[in-house]
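Here's a quick briefing for anyone opening this structure for the first time. Have a look at it, then read on for the main points, topic by topic.

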Amino acid sequence: MENNASSTSTKSPAPKGEIWVWFTSLGLVLGLAMVLFLFGLILMRGFSFFWPVPVVQLELKEDSESVFRGNTSFAGVIASTQERSLQEIAVEEEILLEEEEEVEADGILGQALQTISEYRVFVGSRDRYGQSFRYFRHNDILERSFPEDIIRAERRVEGDAFFFPQRIQFQDGSEVTREDAIFEDELDRVVKEARSRRSQINRIDRREIGPINLEIRQLTMDLRYLNRIERSEGELTEAQQAERERLTGRIAKLNEQFELLRDQADELRETNQSIRVFYEYADGTNGQIAIGDLFRFYYPNRLGFLQRVQVAGIQFWEFVSGYPREANMSGGIFPAIFGTFVMTLIMSIAVTPFGVITAIYLREYAVQGPLVRAVRIAINNLAGVPSIVFGVFGLGFFVYIMGGTIDSLFFSQAQELGTPTFGTGGILWAGLTLALLNLPVVIVATEESISAVPRGVREGSLACGASKWQTIQRLVIPASLPGILTGMILAMARGAGEVAPLMLVGVVALAPNLPVDGTFPFVHLERKFMHLGFHIYDVGFQSPDSEAAIPTVFATTLILIALIVVLNLSAILLRNHIRKKHKGSAF
Amino acid sequence: MYKKITSLALASMVSATSLFGEVQVDPDLPEYERVSGISGNLNSIGSDTLNNLMLLWAEGFREVYPNVNIQIEGAGSATGPAALIEGTAQIGPMSRPMRGTEIENFEAAYGYAPTQVNVAIDGIAVYAHRENPVEGLTLQEVDGIFSSTNRLGGSTINNWSAVRGSGDWSDMPITPYGRNSASGTYGFFRNVALGGGDYRSEVAEQPGSSAVVQSVGADRGGIGYSGVGYKTSGVRFVPLSTDGENYYYPTAENCVTGNYPIARFLILYVNRNPREEMDSLTYEFLRFALSKQGQEIVARDGFFPLPASTANQILETLK
């Protein structure tokens, strides 16, 4: 852009070659436009996932082909409107002929024949309709309205539903019906209570039962190992028998504790199942739902702008902080965000020292000759190897060879029992695989910045009596730190977005336990993990109701981009800080 | 496979109701009841057709046993046997039976054959765009659309006009969509609908079951094969026929009776040493999958549940 401005302002009749300056700026504009368009699209569609929109109720003609089991009334959110031209629907000639007659009678012949428009409506209630979307022709719609009392309910299973709540039935059989003045407040209250019970259940499951389980798991493993010895050797030594008794006793005791906690959770679950909400669909059909399955609801046609913002905020927060449900179709993506973050961190920690050391040797110590040139070519070629190849290498080398060796050295019992620890994909192996993948990036960036350190600086240092290593350590590395960080930023951006190799070395669609948590030893490098990029692939291409999953895909993409931006931004800030510090020094 | 399903139909009658959606679960299936002392890690690596089903089962199983950690990878059926042999997973979900070489490799590693557990029935539906008027296809026509070898005796078909496409479809080229070769669906469809022949190079290979459905929904001339559970509002089922007279939709009933020609079992393979007692966690997971709750989840995911007699028979062999 700068070139562009200066060139137009200086000499008027375009000098030779000036036209190319225009081309460069055109390239920039094109690139920027594409990036902005893509980003805008993701931003818009990502955010619209959270934004509550009004729910329309449609009344259809009885002979419409969209009628569902004789019911002509539907409630839902209009997802899109599309038009089909007459020619395209010529196959349905008979229907058209009928319509033609009708239209003629109305005296507006021609117009309606040209196109048929239809709505694609998100009607929810997958359990009832079989799929989340239905098509409705404009011509079939007799009436559309925006009922005040309809709610959009987020349910535990089968996605969202639209309905009119009728009455609440409590455990003791008493009821509150919609005629009662307190009905809506009551509904609000029971749903809130159910939510707090659910979070209690979660706390018991995750925090309290977790550590007990871990111990039981370990002890059971030891026990099974002893049993195995008994089977193969025929008999156990006395010490082993005593050990077995101790283990059995301890396990029984832990199981008691566990069952106590589990009963607590079960009781809460039961309460959540015993309170029920009865409702009517838009067509008047009755249904009911346990309060424990009704996660959240709102009245989409009653909200003002601020309330919409509030609902959007809550939904956004639940999306980024919640755990996935229903095969990743609903719920949040917190484990995926956290998994991506931890993996990128492991990768950065692994790749930076490795890459920097290699670059220093190549640039400062190695004798420049055919061998070093060959190594450089090899490194550059490595950058061009498809990432899936690194995935295969990671699976073969890290998982099978290294992981298998670690298992046979330290976890031999588990391995013999067919439950591998490090011998299967995990976050450590995924991080290291990506570190390898990004090694060339870091090496090249570091080499460039090392070679940019002025010759005078080195010579001055050497002249003052510093050794070569002292020069590198005190002058060259600090001066090239910004360049090294640039390499790291590039590596992080690539690493966080990479999916293909991860599928082989430890990414899973669902990993209920995080790689870092409150149970000893806090960091579990052997665990499999969830990743935003893989989550997008999984939800977008593998989920049974892929149509309903598309908004989730955009929202997840938005979060992935945001995460990469945050990671990069912090690295850039660090780099700027270092640059400033370096400028302020004596040089 | 075909024969198996037919014999299965003789063994028991299954109650299936309406055409689509609402699949009834056999009420005679046993309720799953909690046993004590179940905990640990369960790794599953295999089919992507079964991926969602495994996730839903894992969710349900964890509600019963909150202390179990289940990790599921689903990159394709071919990854299952390798994972079982390497010992990186206890369960290998597959959408096709293991091949002879895969079983041999397993036997070479452990000295006994892997245990096959059928857990659900899946119909492979042929999907077309929702506005497509085609009334039905015979297997020969399907073969002509997808295959270059035409083993079933048809001829190559490139246009909807060749399969009774009317109106706007009378001159619409056919774009076939399919799965990638790691997928069990790919292999199974080839065996049944292509008579073991080869796919045409025009078949666009998609990375996932629902990617096929999405592509067909976005392409008016498109046709593709994928599991029945992946239907969206943008596509419709194409009824199939073996004899050219009776056309059948992929319903639970038609799949179980064998009227619908492309149906199969979904399988979980496990490593079970016949001389030892099975790992209790794996066993309980299988018992859960074959219970009433587990089979209800099967129906919710769009597959067809097993009849009670079959499920009980399978459980019996695992004890």
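A nonpolar core here means a set of buried Ala, Val, Leu, Ile, Met, Phe, Trp, Tyr and Cys residues joined through C-beta atoms within 7 Å. With that in hand, meet the largest one: it has 157 residues, and Ala120(B), Ile121(B), Val126(B), Tyr127(B), Leu240(B) and Leu268(B) touch the most other members. Keep in mind that this is a predicted model.

**The nonpolar cores**

- What does Ala120(B) touch, leaving aside its neighbours within four places in sequence? Its contacts are Leu53(B), Leu266(B), Val298(B), Phe303(B), Phe304(B), Pro305(B) and Leu306(B).
- There's also a second, separate core of 28 residues, and among its members are Phe162(A), Ala194(A), Ala282(A) and Ile291(A).
- As background, nonpolar side chains tend to be buried together in soluble globular proteins.

**Chain A at a glance**

- Chain A has 587 residues, and 32% of them count as buried.
- You'll find 18 helices and 13 strands in chain A.
- Take the contacts in chain A between residues at least 6 apart in sequence: 71% of them join residues at least 24 apart.

- Strand 9 of chain A (residues 276-280) pairs with strand 7 of chain A (residues 161-169) in the antiparallel sense, over five bridges.
- In that pairing, Arg276(A) of strand 9 stands opposite Gln169(A).
- Strand 9 of chain A is also joined by five bridges to strand 10 of chain A (residues 286-290), and these two run antiparallel.
- Glu280(A) has Asn286(A), in strand 10 of chain A, as its bridge partner.
- Strands 9 and 10 of chain A make a hairpin with five residues between them, and Gly284(A) in the turn has a positive phi of about 95°.

- Most residues other than glycine have a negative phi.
- Arg69(A) isn't a glycine, yet its phi is positive, at about 45°. Look for Arg69(A) in the loop between strand 1 (56-60) and strand 2 (73-85) of chain A.
- Ser125(A) also has a positive phi, near 45°, and is a residue other than glycine. Ser125(A) sits in the loop between strand 3 (115-122) and helix 5 (126-129) of chain A.
- Which of the two is buried and which is exposed? Arg69(A) is exposed, with 9 other C-beta atoms within 10 Å, whereas Ser125(A) is buried, with 23 other C-beta atoms within 10 Å.

**Chain B at a glance**

- Chain B has 11 helices and 11 strands.
- Buried residues make up 55% of the 319 residues in chain B.
- Chain B has a radius of gyration of 20 Å, which agrees with the value near 20 Å that a compact globule of 319 residues would have.
- The C-alpha trace of chain B spans about 65 × 40 × 35 Å along its principal axes.
- Residues 24 or more positions apart account for 74% of the chain B contacts with a separation of 6 or more.

**The two domains of chain B**

- Domain 1 of chain B covers 17-121 + 265-318, while domain 2 covers 123-263.
- The centres of these two domains of chain B, taken over C-alpha atoms, are separated by 28 Å.
- Where the domains of chain B meet, 17 residues of domain 1 are in contact with 19 residues of domain 2.
- The domain 1 side of that contact has eight nonpolar, six polar and three charged residues.

- Helix 6 of chain B (residues 184-193) is mostly covered, with seven of its 10 residues buried. Those buried include Tyr186(B), Phe188(B) and Phe189(B).
- Helix 6 of chain B is followed by Gly195(B), whose phi is positive, near 60°.
- Helix 7 of chain B has eight of its nine residues buried, so it is largely enclosed by the rest of the structure. Among the buried ones are Val212(B), Val213(B) and Val216(B).

**Where the chains meet**

- The contact takes 43 residues from chain A and 49 residues from chain B.
- On the chain B side, the elements giving two or more residues are strand 1 (40-46), helix 2 (51-64), strand 2 (68-74) and helix 7 (209-217).
- Helix 2 of chain B supplies the largest share of that side, six residues.
- By class, the side of chain B that touches chain A has 13 nonpolar, 28 polar and eight charged residues.

Methods:
Residues are numbered from 1 along each chain as its sequence is written. Chains are lettered from A and ligands numbered from 1 in the order in which they are written. This is a predicted model: local features need pLDDT of at least 70, side-chain atom pairs count only at pLDDT 80 or more; totals for chains, interfaces and linings use all residues. Two residues are in contact if their C-beta atoms, placed from the backbone, lie within 7 Å. Helices (H or I, at least four residues) and strands (E, at least two) are DSSP runs, numbered from the N terminus. Ala, Val, Leu, Ile, Met, Phe, Trp, Tyr, Cys and Pro count as nonpolar, Asp, Glu, Lys and Arg as charged, and the others, Gly among them, as polar. Domain bounds come from an automatic or database domain assignment. A residue is buried if 20 or more other C-beta atoms lie within 10 Å of its own, exposed if 12 or fewer, and partly exposed in between; C-beta atoms are placed from the backbone. Two strands pair if DSSP finds at least two bridges between them. The radius of gyration is taken over C-alpha atoms; the globule rule is 2.2 Å times the number of residues to the power 0.38.
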